[in-house]
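Student: Please take one part of this model and go through it closely. Then set it beside a few other places that can be described in the same terms.

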Amino acid sequence: MRPNGSMFRLARQRRGLHQTDAAPLLGVEQPILSRVENDLAVVTDELLQRAETAYSFPRAFFFLNETIYGPPVSVHPMWRKKADVSAREIDSIVADLNIRGFHLRRILEGIELRTKADIPRLDVVDFESVEKIAALVRAHWQIPSGPIKNLMLYAERAGIIVMHSNMAGTPISGVTYSIPGLPPMILLNEDQSADRMRFTLAHEIGHLVMHKFPSATMEEEANEFASNLLMPSADLRQAFKGRRIDLALLGALKPEWLVSMQALLMRAKTLGFLTEGQNQYLWKQISARGLRLQEPPQFDFPKEIPTVMPRVIEVYKSALAYSDDEFAKLLVIFPDDVASMYGNGRDKRPRPKLTILT
Ligand SMILES: [Zn+2]
């Protein structure tokens with residue numbers, strides 16, 4: 001069997017390397033590496049050995065014959081600012097998504113994932129508004145009115161594979177990736193705060209529900225979907241009604257609604273609870289206190305943790321009796337990568353303490 005040039009390219013991209021950086025690590029000139037990646041050169045055993053070390057993928061990785069897919073419909077920067085993300089970084093994220101995709105395919109050969117719900121596909125042009133779509137998703141998933149206590153749970157029940165990632169060190173907050181024949185994946189940047197992470201998850205769910213194809217308005221729509229999914233107007237009106245909207249109230253509502261003070265403030269304005277002047281005044285206060293990037297820690301809440309992949313790994317290790325090495329071999333990566341991509345397989349959620357009420 002011949003090594004596959006595309007897997008050499010994927011490994012290099014995953015490690016965030018240009019051909020010019022990678023060639024010296026492999027002990028060849030760049031034109032040779034280019035030919036290797038395009039299946040135009042003979043791959044020597046020495047080159048394979050060097051690739052294994054330089055790219056940190058096992059030898060078998062370079063012989064895989066996987067279909068490789070292009071970039072997702074949208075990748076977008078955190079904090080609504082145009083972040084400085086290079087093509088090399090995007091390539092690394094797309095390579096990561098592809099690798100997770102073929103892991104998923106291999107994993108699903110051994111176990112079956114049963115979903116309790118599905119993802120409705122609703123096109124914005126067919127409905128009155130994005131608000132309506134968010135309400136339909138809540139109804140379809142049978143989410144009770146008021147704050148969503150655990151959005152991750154609903155996403156996972158609908159068959160979405162949610163995973164944390166360092167996003168190649170970029171400020172990209174989240175990305176949705178759908179590979180034909182596989183459950184959709186959402187990667188969330190693990191470096192964001194719990195409130196932003198939840199908003200990102202809601203935003204990415206919005207893409208899955210509404211956006212089969214990219215459009216000029218998709219980011220705005222996904223944000224509007226996230227706001228409406230997490231903070232439905234009818235419920236939130238009750239929370240604001242008759243109360244003075246200031247930073248103290250926004251802080252008090254944050255742990256209840258599990259959204260940022262800033263998301264609540266935007267919603268208060270949209271729902272007509274603030275005049276333009278009051279709105280500007282509150283934003284000035286938020287800026288002056290340095291709360292834009294970090295809200296007061298006393299209102300923080302724990303991050304929602306994905307549970308499906310950790311449970312899958314647990315099943316492989318317990319029911320199917322795979323050792324760490326065998327599981328890494330199944331995924332054709334080194335054990336270190338298993339840990340960094342999926343955790344160590346143990347569900348790290350804090351268990352609720354047993355309390356006895358008397
Ligand atoms: Zn988006």
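Tutor: S227 is found in helix α9, which covers residues 218–230. Helices here are DSSP runs of H or I with at least four residues, strands are runs of E with at least two, and both are numbered from the N terminus. With a relative accessible area of 17%, S227 is buried; the term means under 20%, while exposed means over 50% and partly exposed lies in between (1.4 Å probe, protein chains only). Leaving aside neighbours within four places in sequence, S227 is in contact with F199, P232 and R267, where contact means heavy atoms within 4.5 Å.

The model is predicted, so local features need pLDDT of at least 70 and side-chain atom pairs count only at pLDDT 80 or more, whereas totals for chains, interfaces and linings use all residues. Residues are numbered from 1 along each chain as its sequence is written, and side-chain values use heavy atoms, with hydrogens and water left out.

Beyond neighbours within four places in sequence, Y316 is in contact with R106, I107, G110, I111, A321, Y322, F327 and L330. The C-alpha atoms of Y316 and L201 are separated by 27 Å, and the two residues are 115 apart along the chain.

Next, a strand. In β4, residues 185–189, five of five residues are buried. Both faces are covered, with M185, L187 and N189 on one side and I186 and L188 on the other. Strand β2 (residues 161–165) runs parallel to β4 and is joined to β4 by five bridges; two strands pair if DSSP finds at least two bridges between them. Strand β3 (residues 172–177) pairs with β4 in the antiparallel sense, over four bridges. I186 has a partner in each of these pairings: V162 is its bridge partner, and T176 stands opposite I186.

Then the charged pairs. Side chains of opposite charge can pair when their charged atoms come close. The structure holds 16 salt bridges, each being a side-chain nitrogen of Lys or Arg within 4 Å of a carboxyl oxygen of Asp or Glu. In one of them, E37 pairs with R12, and the closest N and O atoms are 2.6 Å apart. E37 lies in helix α3 (residues 30–37) and R12 in helix α1 (residues 5–14), so the pair ties together parts that are 25 residues apart in sequence. E37 counts as buried at 1% relative accessibility, and R12 does at 9%.

R59 forms a salt bridge with D45, with closest N and O atoms 2.4 Å apart. Because R59 lies in the loop between α4 (45–55) and β1 (75–77) and D45 in helix α4, this pair ties together parts 14 residues apart in sequence. R59 is partly exposed at 31% relative accessibility, and D45 is partly exposed at 41%.

E46 forms a salt bridge with R50, at 3.4 Å between the closest N and O atoms. Both lie in helix α4, four residues apart, about one turn of the helix. E46 is exposed at a relative accessible area of 52%, whereas R50 is partly exposed at 34%. Elsewhere, salt bridges that share partners join D195, K254, E295 and D300 into one network.
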